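Here's a quick briefing to read alongside the coordinates. Have the viewer open and follow the topics in turn.

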Amino acid sequence: MDILNILPRSLLAERLEALAYLYRRSDAAVAEFAERSGVACPAGCGSCCEGFVPDIVPLEAAYLAAYLAGADKPLAYSIAANGLEARSRDDGRVGCPLYADDNPYHCTVYEARPLICRMFAFSATRDKLGAPTFAVCRKGTSLGGVRSAKGDALIEAFGVEPPVMADLGSELASIEPESSGSRKPLPEAVREALSRVLFLVGMPDSEILDGGPDIRPTLPRAG
Ligand code: SF4
């Protein structure tokens, strides 16, 4: 689905385009790391989402909201009205409400999933001195069975450096700096974003206000 065509032209739509570009680059970095390192998840594993509810920034929530508004508008209105609830499992874990047991990716919004979900088992953190550190998920595998490495040893261990979550997170924050400190759990963030997005979806281009300046170029006056 073309998520970027769901919204009329607006400041939010431009920022979502920048976010889509960041997501494409993140996906490419993860794919390259997975291919070159051989790090892999077990087939059909969804355990990352089964015991985890991501905290996301408002812009990522708006991306998810635009996706939902395009994919299933009745569902989008229902979530805006009633909210989403984290999913409690029989084993006591509390997981993401957008998880599906019967979907091969286990994510009902896979195309629009947030940055952390794209990076889950394929990104490094930085230690106190700033050195990238990577460990294979306890359920994952790697070529040659290497489980972890740090700094300069990463290339020797995995053949390539993994993308660093904090670096991509900084890029994410720079797209909409004024809201980047307002991370919220996904259920709450998506519900709030849906109110904003569904309002915009119903507006023609010419009436966009969007809580910010209209950044469309001024058309030259006739005569
Ligand atoms: S949004 Fe999708 S990938 Fe992310 S935690 Fe929820 S189900 Fe998992």
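This is a predicted model: local features need pLDDT of at least 70, side-chain atom pairs count only at pLDDT 80 or more; totals for chains, interfaces and linings use all residues.

**Strand pairing around strand 5**
- On one side, strand 4 (residues 125-126) runs antiparallel to strand 5, and two bridges join them.
- Threonine 125 has threonine 133 of strand 5 as its bridge partner.
- The hairpin of strand 4 and strand 5 leaves five residues between the strands, and glycine 130 takes a positive phi near 90 degrees there.
- Strand 6 (residues 148-150) also pairs with strand 5, antiparallel again, through three bridges.

**Overall fold**
- The chain carries eight helices and seven strands.
- Its C-alpha trace spans about 70 × 50 × 30 Å along the principal axes.
- Out of 223 residues, 31% count as buried.
- If you look at contacts with a separation of 6 or more, 75% of them come from residues 24 or more positions apart.

**Nonpolar core**
- The largest nonpolar core holds 54 residues, with Ala62, Tyr63, Leu64, Ala65 and Ala66 having the most contacts inside it.
- Several helices give two or more residues to this core, including helix 1 (11-37), helix 4 (73-82) and helix 8 (186-201).
- Helix 3 gives the most, with 10 residues.
- Setting aside residues up to four places away in sequence, tyrosine 63 touches Ile3, Leu16, Leu19 and Ala112.
- As a general rule for soluble globular proteins, nonpolar side chains tend to be buried together.

**A closer look at alanine 76**
- You'll find alanine 76 in helix 4.
- Alanine 76 counts as buried because 22 other C-beta atoms lie within 10 Å, and the cut-off is 20 or more.
- Beyond its neighbours within four places in sequence, alanine 76 is in contact with Leu68, Ala69, Leu194 and Leu198.
- Arginine 25 is 51 residues from alanine 76 along the chain, and their C-alpha atoms are separated by 28 Å.

**Ligand surroundings**
- Around the ligand you'll see Cys49, Phe52, Pro54, Cys96, Leu98, Tyr99, Cys107, Val109, Arg113 and Cys117.
- By class, that shell has nine nonpolar residues, one charged residue and no polar ones.

How values were computed. Residues are numbered from 1 along each chain as its sequence is written. A residue is near a molecule or strand if its C-beta atom, placed from the backbone, lies within 6 Å of it. Ala, Val, Leu, Ile, Met, Phe, Trp, Tyr, Cys and Pro count as nonpolar, Asp, Glu, Lys and Arg as charged, and the others, Gly among them, as polar. Helices (H or I, at least four residues) and strands (E, at least two) are DSSP runs, numbered from the N terminus. A residue is buried if 20 or more other C-beta atoms lie within 10 Å of its own, exposed if 12 or fewer, and partly exposed in between; C-beta atoms are placed from the backbone. Two residues are in contact if their C-beta atoms, placed from the backbone, lie within 7 Å. A nonpolar core is a set of buried Ala, Val, Leu, Ile, Met, Phe, Trp, Tyr and Cys residues joined through C-beta atoms within 7 Å. Two strands pair if DSSP finds at least two bridges between them.
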